Amino acid sequence: MSNTTLWLTILVIGTGTYLLRLSFIELWKWLRVPPLLMQALNYVPAAVLAALVLPAMLRSGGSIDVSFDNLRLYAGLTALMVAWYARSMLLTLATGMTALWLLQALV
Amino acid sequence: MPSRRETFTAGALSVSPMVAGVIPFGLISGITAMATGLTAVQAMTLSITAFAGAAQLATLQLITEGAIPAVIVLTALTINLRFAMYSASLAPHLYRLGPGWRLPLAYFLVDQNYALSINRFQYQDRGPDPLGHWYFLGGGVTMWVTWQASTLVGIFMGGGIPRGWSLDFAIPLVFMAVLVPNLRHRFHVAAAVTGGFVATAAGSLPYNLGLVVGALAGIAAGVALERRKGG
């Protein structure tokens, strides 16, 4: 990516994000959110985040790999258990990275 | 009646337990930005204009994967669509303020600050809350300083971390930690499972479109289940 494209990408993301935050605070005098849209927005974080996480574990080498060679899958599953029970970003990060380093050292 | 300053401080104190969770997230995003090849100025510009960790990390991951700008922008803004939802949810409490308040307050609309402020607006006091926006500002400024400072520290650490440490794996781990508290109901679990597996199955589509397809499938699954079975 050229430097100009990179700058443009950064600025469009920044401006767009601000406009999303401002959206309904500004528009409230004129319009209300349709219930179906509100319902759909409610599922965006779960759907998008999972769509980022699962391919990073299951396709870590580019293609789908559920063999024991796919260390990121097993490190990720370990971290997922910690994320589920401990609900801590720091513990999830520490467990996942440590598990990956241990597996890389052992295999 | 508490003063403006006391209300601002109350907002700042209420988000402070969450600061510890934000620091590693900020460090990772600073480190990753440098590993991705951004300059320090570009990394800080992204951090200050977007002020949204998950979208920043997704942006960096997609730059590394060589995605086209349209997909990067679409993904980042999709992740940030939740801010439009927060905006709609806070609007009844903020829209009467003048533009001198509305425009800067919108900038401080981040997850943690939203959660605490809507709690105050909706549940704590059914009466009028003439100082609620000071509470929101206190929480927002605290989150902002924490985020920008930890990102900046990450930027300075960034160059010195060897590739063999596989630090890029920290990105999905951070997403995982952000994802789990979002699974409040089995409909959310269905949205996540569908989104995750469809994105994986569609992972060979060009321009990282599998991510967009997966996210849309997940959202559709959540809405469809909720409409069929009811809340």
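Two residues are in contact if their C-beta atoms, placed from the backbone, lie within 7 Å. The model is predicted: local features need pLDDT of at least 70, side-chain atom pairs count only at pLDDT 80 or more, and totals for chains, interfaces and linings use all residues. Residues are numbered from 1 along each chain as its sequence is written, while chains are lettered from A and ligands numbered from 1 in the order in which they are written.

**Exercise 1. Helix α10 of chain B**

State which residues of α10(B) are buried and what covers them.

Solution. Helices (H or I, at least four residues) and strands (E, at least two) are DSSP runs, numbered from the N terminus. A residue is buried if 20 or more other C-beta atoms lie within 10 Å of its own, exposed if 12 or fewer, and partly exposed in between.
- Step 1: the buried residues of α10(B) are F187(B), H188(B), A190(B), A191(B), A192(B), T194(B), G195(B), G196(B), V198(B), A199(B) and T200(B).
- Step 2: their cover includes α2 (35-58) of chain A, together with α9 (170-179) and α11 (209-229) of chain B.
- Step 3: the length can be checked, since the expected span of a helix is 1.5 Å times one less than its number of residues. For the 16 residues of α10 (residues 186-201) of chain B this should give 22 Å, and the end C-alpha atoms are 22 Å apart, which agrees.

**Exercise 2. The build of each chain**

- Step 1: chain A has four helices and zero strands.
- Step 2: chain B has eleven helices and zero strands.
- Step 3: buried residues make up 45% of the 107 residues of chain A and 52% of the 231 residues in chain B.

**Exercise 3. Where the chains meet**

Describe the side of chain B that touches chain A.

Solution. 
- Step 1: 72 residues of chain B are in contact with 60 residues of chain A.
- Step 2: helix α5 (residues 81-94) of chain B gives the most to this side, with eleven residues.
- Step 3: the side divides into 50 nonpolar, 19 polar and three charged residues. Here Ala, Val, Leu, Ile, Met, Phe, Trp, Tyr, Cys and Pro count as nonpolar, Asp, Glu, Lys and Arg as charged, and the others, Gly among them, as polar.
- Step 4: the predictor gives the complex an ipTM of 0.89 and a pTM of 0.82.

**Exercise 4. The core and a loop residue**

Identify which residues touch the most other members of the largest nonpolar core, and decide whether G61(A) is buried or exposed.

Solution. A nonpolar core is a set of buried Ala, Val, Leu, Ile, Met, Phe, Trp, Tyr and Cys residues joined through C-beta atoms within 7 Å.
- Step 1: of the 106 residues in the largest core, A47(A), L49(A), V53(A), V174(B), F175(B), M176(B) and L179(B) touch the most other members. Helix α2(A) gives the most to this core, with 16 residues.
- Step 2: G61(A) lies in the loop between α2 and α3 (71-86) of chain A. With 10 other C-beta atoms within 10 Å, G61(A) is exposed.
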